[in-house]
Amino acid sequence: MIDRFKIHIKEFRRNAGQVHHQYLRLNCFSRSIISSLFLPSSSSEKCLPRKESMEGTSKKTNPRNKENLFHVIHKVPAGDGPYFRAKHAQLVQKDPEAAILLFWKAINAGDRVDSALKDMAVVMKQLDRSEEAIEAIKSFRRFCSKQAQESLDNVLIDLYKKCGKIDEQIEMLKRKLRLIYQGEVFRGKPTKTARSHGKKFQVSVKQETSRLLGNLGWAYMQKSNYMAAEVVYQKAQMIDPDANKACNLGFCLKKQARFDEARSVLQQVLEGKVPGSEDCKARKRAEELLVELESRQPIPDLSELLGFNLDDDFVKGLEQMINEWAPSRSKRLPIFEEISSFRDQLAF
């Protein structure tokens, strides 16, 4: 009798334990459903059984995490509008023609017009449709925000360079330099935030001015105006020197038969006295130019060098700009104070 009673007690306890376990599972499951309706997903995960949590909420299999990872890897913005589809066609499907059509749709629909116009111009440039890209920017930039105008100017400069419109490139570079002097680009601050390939970085007023002057010197070189290019490169090197611009300066001096000055500039690159001298391409170019100097090429006809009308050149315009604006500005950017030291070298 006692033994049978003990057996019943054990069976009751076992059944009671099973019932209690089922109750806990049902209670936790019901709480998880309620939590999923009213709480963030991270809160509801704590109530799920261990096995279900591992299978259903793992970061590796969560569809939302997969979608976020997709956007990070391909740099495609989230959404379903025409701009999103255009970036998807550009970066994921690798279909630039389809991307251009979708960028047009985004512009017409007012969907992120700033980015759509700029990205479309870049894709057009890659397809050798630079002329079309230039016209698109000129026609639609008025619909873009004020903050987007500077980046559109940078795209235009690259497009002018791509299709050989040197005069337009020079005018755009002059305009950007004037904006820097007027304080409209940096707004009186020593640095600004720039973006390249999706990454943000700080650019100083010296770096930006030197970069623009370097591009301006290159443009003058394409027009064989080595006198103007030389003075511009001199200014750029004074502000933020680097080996590449030093080689271009040496080339301009060589073209003017100023061999000793050119040799001195190029030797500084090979001796590592100029920032960026460790770059293999810069050193190789400096060596090649020095070899040409040693051959002592005949002195060029100076009448050709002086035949250019420099009245409209930035070599003179930059100095006039400084003289005209100085009285109306109580604070001049330090970089233009340094540029002014070259006033005596210019012929008016």
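This report describes the fold and the aromatic ring pairs of a predicted model.

## Overall structure

The protein chain has 18 helices and two strands. Of its 348 residues, 38% are buried. The accessible surface of the chain is about 21,300 Å², and carbon and sulfur atoms account for 53% of that area.

## A tilted ring pair

A pair of aromatic rings is described by the distance of the centres and the angle of the planes. The protein contains four aromatic pairs. In one of them, the ring centres of Tyr83 and Phe103 are 6.0 Å apart and the planes meet at 50 degrees, so this pair is tilted. Tyr83 belongs to helix H5 (residues 82-92) and Phe103 to helix H6 (residues 96-109), so the pair ties together parts 20 residues apart in sequence.

Buried means under 20% relative accessible area. Tyr83 counts as buried because its relative accessibility is 5%. Phe103 is also buried, at 0%.

## An edge-to-face pair and a cluster

Trp104 and Phe140 form an edge-to-face pair, with 5.3 Å between the centres and 65 degrees between the planes. Trp104 is in helix H6 and Phe140 in helix H8 (residues 130-140), so the pair links parts of the chain 36 residues apart. Trp104 is partly exposed, with a relative accessible area of 23%, and Phe140 is partly exposed at 21%. Ring pairs join Trp104, Phe140 and Phe143 into a cluster.

## A charge over a ring

Lys161 sits over the face of Trp218, 4.5 Å from the ring centre.

Conventions. Residues are numbered from 1 along each chain as its sequence is written. This is a predicted model: local features need pLDDT of at least 70, side-chain atom pairs count only at pLDDT 80 or more; totals for chains, interfaces and linings use all residues. Side-chain values use heavy atoms; hydrogens and water are left out. Helices (H or I, at least four residues) and strands (E, at least two) are DSSP runs, numbered from the N terminus. Buried means under 20% relative accessible area, exposed over 50%, partly exposed in between (1.4 Å probe, protein chains only). Accessible areas come from the Shrake-Rupley method with a 1.4 Å probe; for residues, only the protein chains shown count as cover. Rings of Phe, Tyr and Trp (its six-membered ring) pair if their centres lie within 6.5 Å; planes under 30 degrees apart count as stacked, over 60 as edge-to-face and the rest as tilted. A charge sits over a ring if NZ of Lys or CZ of Arg is within 6 Å of the ring centre and within 35 degrees of the ring normal.
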